Amino acid sequence: MTNSTAKRNGRSIVTDINHAPKKTLTLTLCFTQEQADRMMKVRRVLPIVEDRQEPQIDARKLWEKIGKPHGRFRDWAEDYIKSLLGNDAEKSARFQGEIEVEESLVGKRKNVKQIDYKLSRDVAAKLAMQANTVEGDEIRQYFLDMEECVLRLSKHQPERVQSLIQLDNAITHHFRSKVGRKAQDGKISKGAVPSEAASREKLLKPALFIRTPNERFTSRGDRDRPAFMSYGR
């Protein structure tokens, strides 16, 4: 009988609050099933994007997903979107680059003017949280959940960093021991051990993050920091 080992792919190291899978939310971060379901659902309404100020979310689709507040899109847009582009010069300037107005002709004869909007992720989130609907309440609760998620991730951070430190030290020890044995066998000089070991480490670690053999620690804190965290101060 063979023991099966789960494949390790490093996902636990790079997991963040925006991409944490449901299993991580419930088992690792101890969120309830309800909270995890809500987080997954809201991500589909307000997807995580690289540029949160770039207009890219369809306002009409957002309105549908947050429960169609005000009953008609035109009425909702009039009260919530147009007000951001209204007479208040300071507010208008603030949101000018985050809202795009699109006009088109619709209907069988293409003679009815329809106004649509593209919203930035930030503006979409603000509007979604203001919706007086069940969906709007879910989104408001989602942001409270996310605050809790940040606090939980920060609690786990020292453990994650310590694991990286241990891994970094183990790799360094492995290569220095291996090269040291070559020196004992007379294949290389003892003076060449540090540089030879560092060269081998570069095959596994990014070259920019390797401390050279002659580099000195500047503080006690550096001794506890892996090489890839110490470089580039």
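This is a predicted model: local features need pLDDT of at least 70, side-chain atom pairs count only at pLDDT 80 or more; totals for chains, interfaces and linings use all residues.
Residues are numbered from 1 along each chain as its sequence is written, and side-chain values rest on heavy atoms, with hydrogens and water left out.

Secondary structure elements are DSSP runs numbered from the N terminus, with helices (H or I) of at least four residues and strands (E) of at least two. Two strands are taken to pair if DSSP finds at least two bridges between them. On this basis, three strands make up an open sheet with antiparallel pairing, in the order β1-β3-β2. Strands of a sheet pair through backbone hydrogen bonds, in either a parallel or an antiparallel manner. Between β1 and β3 (residues 112–119), which run antiparallel, there are two bridges. The antiparallel pairing of β2 with β3 extends over eight bridges, and Val101 has Tyr117 of β3 as its bridge partner. The hairpin of β2 and β3 has five residues between the strands, and Gly107 in this hairpin adopts a positive phi near 95°.

Two helices lie across strands of the sheet. Their directions are given by axes, which are lines fitted to C-alpha atoms, for helices over the stretch in contact, with angles from 0 to 180 degrees between N-to-C directions. Helix α5 (residues 73–81) lies across β2 and β3 and runs at about 50° to β3. Helix α7 (residues 121–130) lies across β1, β2 and β3, at about 105° to β3.

Burial is defined by relative accessible area, with buried under 20%, exposed over 50% and partly exposed in between, for a 1.4 Å probe and protein chains only. In α5 the buried residues are Phe73, Trp76, Ala77 and Ile81. Viewed down the axis of α5, these residues fall within an arc of 100°, so they line one face of the helix; the arc is that of the directions from the helix axis to the C-beta atoms. The buried residues of α5 pack against α4 (59–65), β2, β3 and α7, where contact means heavy atoms within 4.5 Å.

A nonpolar core is a set of buried Ala, Val, Leu, Ile, Met, Phe, Trp, Tyr and Cys residues joined through side-chain atoms within 4.5 Å. The largest such core comprises 34 residues, and Leu46, Leu62, Ile81 and Leu119 have the most contacts inside it. At least two residues of this core come from each of α3, α4, α5, β3, α7 and α8 (134–184). When residues up to four places away in sequence are not counted, Leu62 touches Val45, Leu46, Ile57, Trp76, Leu119 and Ala124. A second, separate core has six residues, among them Ile171, Val179, Ala183 and Val193.

Asp116, in strand β3, is buried with a relative accessible area of 12%. The side chains of Asp116 and Arg60 are joined by a polar contact of 2.6 Å. Apart from neighbours within four places in sequence, Asp116 is in contact with Arg60, Phe73, Glu100, Val101 and Glu102. Gln35 belongs to helix α3 (residues 33–45) and counts as buried at 12% relative accessibility. A polar contact of 3.3 Å links the side chains of Gln35 and Asp145. With neighbours within four places in sequence set aside, Gln35 is in contact with Asp145 and Glu148.

The loop between α4 and α5 contains Lys68 and also His70. Phi of Lys68 is near 50°, a positive value in a residue other than glycine, and phi of His70 is likewise positive, near 70°. Lys68 counts as partly exposed at 45% relative accessibility, and His70 is partly exposed with a relative accessible area of 43%.

Notes
A polar contact is a pair of N or O atoms within 3.5 Å; within protein, one must be able to donate a hydrogen and the other to accept it, and residues adjacent in sequence count only if both atoms are side-chain atoms.
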